[in-house]
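Hi everyone, thanks for having me.

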Amino acid sequence: WDSQKPRDVVNLSLHFKHRVGEIYRVLPSKDHRWVYYPDMQPGECMLLKVFDSSPDVARFSLHAAFQDPTSPADAPTRKSIEVRTIVFLDALPADFAKGFIAPHLQPDSPDADLKPLKVEAG
């Protein structure tokens, strides 16, 4: 993880119908060391820690997708699912998040279509 630095990313603002989100765009660096797992099989998964609040460990982990020039033309399309999870390591109140429904799952949510209206570099 020491091949990536905070200066290697640029914030991108994602403008939705009623909110603005933010992600990183990776800038190229000769210092980056990338790892590729070409032989993953159905049923296997990879877990990436993408943020940590501790300054004593990797704060984030850059990851990307690319067209593999060695892949056969008739190879099945690879699928990817991104799930973001927050882990709390301390005790939480018994009623923490009681009744919470993610905003994009609310009936008639303007975020039901998750495609941003505009993307801006920040």
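I'll go through rings, then a surface patch, then charges. Keep in mind that this is a predicted model.

Y36 and F66 both sit in the loop between strand 2 (20-26) and strand 3 (118-121), so the pair ties together parts that are 30 residues apart in sequence. Y36 is partly exposed at 39% relative accessibility, while F66 is exposed at 51%.

There's another ring to point at: F16. The charged end of R19 sits over that ring, 4.3 Å from its centre.

Now the surface. V35, Y37, M46, L48, V50 and F51 make a nonpolar patch of about 590 Å². Take F51 from that group: you'll find F51 in the loop between strand 2 and strand 3, and it's exposed, at 54% relative accessibility.

Last stop, charges. How many salt bridges does a search of the whole structure find? Two. In one, D31 pairs with K30, and the closest N and O atoms are 3.5 Å apart. D31 is partly exposed at 39%, whereas K30 is exposed at 78%. In the other, E120 pairs with K118, with 3.3 Å between the closest N and O atoms. Here E120 is partly exposed at 34%, and K118 is partly exposed at 42%.

Terms used
Residues numbered from 1 in each chain as written. Predicted model: local features only at pLDDT ≥ 70, side-chain atom pairs only at ≥ 80, totals over all residues. Heavy atoms only, no water. Helix = DSSP H or I, 4+ residues; strand = E, 2+ residues; numbered from the N terminus. Buried < 20%, exposed > 50% of the residue type's maximum accessible area, 1.4 Å probe, protein only. Lys NZ or Arg CZ within 6 Å of the ring centre and 35° of its normal. Patch = residues over 30% accessible without salt bridge, like charges linked within 9 Å, V, L, I, M, F, W, Y side chains within 5 Å. Areas by Shrake-Rupley, 256 points an atom, 1.4 Å probe, with all protein chains shown as cover. Salt bridge = Lys/Arg side-chain N within 4 Å of Asp/Glu carboxyl O.
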